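Visitor: I would like to learn how to read a model like this one. Can we go feature by feature?

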Amino acid sequence: MKEITLIPGDGIGTEVTAAVQKVLTAANQSIAWEIVNGGEGAYQATGQYIPDALLDSISTNKIAFKGPITTPIGKGFKSINVTLRQKYNTFANVRPVKSMEGIKTPFNNVDLVIIRENSEDLYCGIEHLVTEGVAESIKVITEKASLRIGEYAFQYAKKHGRNKVTSVHKANIMKISDGLFLDCIRRVAKKYPEIEYEEVIVDNMCMQLVMYPEKYDVLVLPNLYGDIVSDLAAGLVGGLGLVPGANIGEDIAIFEAVHGSAPQIAGKNEANPTACILSAAMMLDYINERSAADLIREAVAYVIREGKHTTKDIGGNATTEEMTEAICSYIRTVSINAAG
Ligand code: ATP
């Protein structure tokens, strides 16, 4: 039985990770979940935001499924999300963003994969007050991390039959740091002549995406632009409740939705479980349980297309639990039909 660390997280985290457990059970995945919390909940229980037991569990299991964890704004502890990504060197953050039938948005033709560099840039957290009224943040871009994310993006494109990689930057202003990022991606691109390569400045990219999202395929971005463009792209397909994600390292992977802890709707049974459920499907791909992953994606697509059991954020009136049950029910029906 596969052991996987489960971090329920804060806010809507408990609700959406419970949905994941139910769906994987319906899909006949015998997973031994090792449940260890991090974040606010963990702090109240153990006095540590990232308990040692959590770190030990991820180091041992090598795979974790993580609910969203709240990071206080402007003060308090360093983001746990960033800390975990840096500690386990999960250098690539992969976020597929795809239009779904049944979701009302101005677009029905979005099919992007965002590959965000996950280990450096302004997320290094090197900040200080130079003097009263003057603050400085250091943006770190290295050749090593930029070549590594470029290689990951092109390999991903090759493996998934994608035709184009677009690197996103602001090298017209940050000539040295973003210039280095761009130079590294160009060097990698030369090794893949079969894949089209282009470069777009980040502000233009935002406009292009809200006007012509269908023109883009795989995007590779430094950490901060990747964070911002991911939320923008989620908006193109119906919102943060729908977009999954994976943090991939050399031998450790942490799966989590793009969204945060959404405290305004926490505890109301209103959160859309789709983003987390699709992140779990990415986790099954990662452990080579492809047919279960495909069945879960098919079930989610069916429930959203049918529109009878969907949550408020995408125009329905079902609860988190009702939408989850509809997805599980589809999976069980297909599995029974296949068996009998
Ligand atoms: P955090 O501080 O943890 O990032 P946040 O509320 O600032 O939390 P998000 O959780 O990313 O940021 O969400 C922004 C908004 O998107 C939320 O207020 C909520 O309305 C919506 N949202 C996010 N995730 C979901 C979801 N799974 N289901 C429904 N709505 C969601």
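Predicted model: local features only at pLDDT ≥ 70, side-chain atom pairs only at ≥ 80, totals over all residues.

Visitor: Is Leu-147 buried, exposed or partly exposed, and why?

Guide: Buried means under 20% relative accessible area, and exposed means over 50%. Leu-147 has 26% relative accessibility, so this residue counts as partly exposed.

Visitor: Which residues does Leu-147 contact, leaving aside neighbours within four places in sequence?

Guide: Cys-184, Arg-187 and Val-188. Take Arg-187: it is 40 residues from Leu-147 in sequence, and the two C-alpha atoms are 8.0 Å apart.

Visitor: Where is Lys-175 placed?

Guide: In the loop between strand S8 (164-169) and helix H6 (177-189). Lys-175 counts as exposed because its relative accessibility is 58%, and the cut-off is over 50%. For separation, compare sequence and space again. Lys-175 and Asn-93 are 82 residues apart in sequence and 24 Å apart from C-alpha to C-alpha.

Visitor: Now a helix. What span is expected for H11, and what span does it reach?

Guide: H11 has 20 residues. At 1.5 Å a residue, 28 Å is expected; from first C-alpha to last, H11 reaches 29 Å, close to that value.

Visitor: How do I read a helix for the direction its residues point?

Guide: An α-helix has 3.6 residues a turn, so residues three or four places apart point the same way. Then look at burial. The buried residues of H11 are Thr-320, Met-323, Thr-324, Ala-326, Ile-327, Cys-328, Tyr-330 and Ile-331.

Visitor: Which helices do the buried residues of H11 pack against?

Guide: Helix H1 (13-26), helix H9 (274-286) and helix H10 (290-306).

Visitor: Why does Thr-324 count as buried?

Guide: Its relative accessible area is 2%, so Thr-324 is buried. Beyond its sequence neighbours within four places, Thr-324 contacts Ala-19, Lys-22, Val-23 and Pro-273.

Visitor: And the ligand? How many residues surround it?

Guide: There are 13, and the closest are Gly-260, Ser-261, Ala-262, Gln-264 and Asn-272. By type, the shell divides into six nonpolar residues, six polar and one charged.

Visitor: Which polar atoms lie 2.9 Å, 3.2 Å and 2.8 Å from the ligand?

Guide: A polar backbone atom of Ala-262 is 2.9 Å from a ligand oxygen. A polar side-chain atom of Gln-264 is 3.2 Å from an oxygen atom of the ligand. At Asn-272, a backbone N or O atom lies 2.8 Å from a ligand nitrogen.

Visitor: How much of the ligand does the protein bury?

Guide: Taken alone, the ligand exposes 610 Å², and the protein buries 67% of that.

Note on methods:
Residues numbered from 1 in each chain as written. Heavy atoms only, no water. Near = heavy atom within 4 Å. Polar contact = N/O pair within 3.5 Å; in protein donor to acceptor, adjacent residues only side chain to side chain. Areas by Shrake-Rupley, 256 points an atom, 1.4 Å probe, with all protein chains shown as cover. Nonpolar A, V, L, I, M, F, W, Y, C, P; charged D, E, K, R; others polar. Buried < 20%, exposed > 50% of the residue type's maximum accessible area, 1.4 Å probe, protein only. Contact = heavy atoms within 4.5 Å. Helix = DSSP H or I, 4+ residues; strand = E, 2+ residues; numbered from the N terminus. Expected span 1.5 Å × (residues − 1).
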